[in-house]
Amino acid sequence: MSIMKQLLKPLFIIFLLSMAARIANAQANFMKIENYKVYYGWAKHFPQDWMILRQFENEGKKYFLLVNPQTLQTKIDETNFYEVKSLTMQEARAYYKDTPYQRALNDAEKQSVKIQDAGIEGGMPKESGISLTADLCPSRRPLDKRIFTGIFTDFQKVEKPVPVALSITGIWMLQHPNDLEWLKQMQQKGEIYITWINHSYNHRVSKSLPLKENFLLEPGTDINFEVLETEKAMLKNGLLPSVFFRFPGLVSDQRLVYRITDFGLIPIGTDAWLAKGQQPEDGSIVLIHGNGNEPVGVNDFIDLLRSKAPAIAKKQWLLYDLRESVGQEFESVEIK
Ligand SMILES: [Zn+2]
């Protein structure tokens, strides 16, 4: 063996080990998260530019939560793989201003005055179909698995994994470890790909308070806790946080929308809450509840799948990845 090869061999093994470690990270459960904080910056690992959203430590290693501002894909990675420049949120937003990610944040802010259903409501897909979002608000009832079994049957030969977005709360994760495990298994088997939307930790709701003081607008709400503890709970459970947020009850005011976009999160509304009789159109962001509390919406969704079955079989009606449909909507559209 030449001297060069002898020198290179250990390096190559280190390279392989680090690659293996990085692949393992994709599904790691970060059980000992410390110093979890909002941290913005630019991170480069050739050939891709990422925006840094969070920084944390786990068992002596430092990690970033990163977003690709072009595709809205996120990932967790060790900090030492990157060339890093720390930025304020304003600097980061100026630097990435021509990306779909920043355009989506701007658009959500433009619609922030509405008390209900602020945020992105629907994309503009090139073909027919919808993006499915199912909310997992706190609930004593089990996961409504009919949503997923319906999808598996209809999309079996058409689209695999089928993209779905689930809005998850910290409390639901605590209440339903087995259901969560089942969802993760379906993802590992390649049946579905789940985009995890932050739906707050506690999802407080009052039967008597008016909307402007209800849900996250209830006095005494700790927004930092609601956002960041949910992300930490996701990471602990081996879920990858996305850049999306859904307001509990779809209730927010302008100030709250800006609090959320300040975390780098894009509020996701809906233009088709099925249980409220809203009809989905192509490009709709459909809302149903997966927590067992709204079987009517799930029935409507199953009826929708049934009515589209011939089109699904011909790949003429599909479920779209929320990241792609929002990304495509803001690919080239200038915000007025
Ligand atoms: Zn909810």
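This is a guided tour of the structure above, stop by stop, with a note on what to select and what is there.

The model is a predicted one, in which local features need pLDDT of at least 70 and side-chain atom pairs count only at pLDDT 80 or more, while totals for chains, interfaces and linings use all residues. Residues are numbered from 1 along each chain as its sequence is written.

**The whole chain**

Begin with a cartoon view, where the protein shows 10 helices and 13 strands; helices (H or I, at least four residues) and strands (E, at least two) are DSSP runs, numbered from the N terminus. Of its 336 residues, 42% count as buried, where a residue is buried if 20 or more other C-beta atoms lie within 10 Å of its own, exposed if 12 or fewer, and partly exposed in between, with C-beta atoms placed from the backbone.

Select strand 1 (residues 33-45) and strand 2 (residues 48-58), which pair in the antiparallel sense over 9 bridges; two strands pair if DSSP finds at least two bridges between them. A hairpin of 2 residues joins strand 1 to strand 2, and P47 is found in the loop between these strands, with a cis peptide bond from F46 to P47 whose omega is near 5°.

In the turn between strand 2 and strand 3, E59 has a positive phi of about 45°, and E59 is exposed, because 9 other C-beta atoms lie within 10 Å.

Compare L72, in the loop between strand 3 and strand 4 (74-78), which has a positive phi of about 65° although it is not a glycine. L72 is buried, with 25 other C-beta atoms within 10 Å.

**The largest core**

Next, select L66, V164, L166 and I266, which touch the most other members of the largest nonpolar core, a set of 73 residues; such a core consists of buried Ala, Val, Leu, Ile, Met, Phe, Trp, Tyr and Cys residues joined through C-beta atoms within 7 Å. Domain 1 (25-90) and domain 2 (100-329) both give residues to this core, so it lies between them; the domain bounds come from an automatic or database domain assignment. A second, separate core of 6 residues includes F215, F247, L250 and V251.

In helix 4 (residues 146-155), select I147, I151, D154 and F155, which are buried. Seen down the axis of helix 4, these buried residues fall within an arc of 80°, so they line one face of the helix; the arc is that of the directions from the helix axis to the C-beta atoms.

**Last stops**

Finish at K314, in the loop between helix 9 (295-313) and strand 13 (318-319), which is exposed, with 9 other C-beta atoms within 10 Å. The C-alpha atoms of K314 and K157 are separated by 10.0 Å, although these residues are 157 residues apart along the chain.
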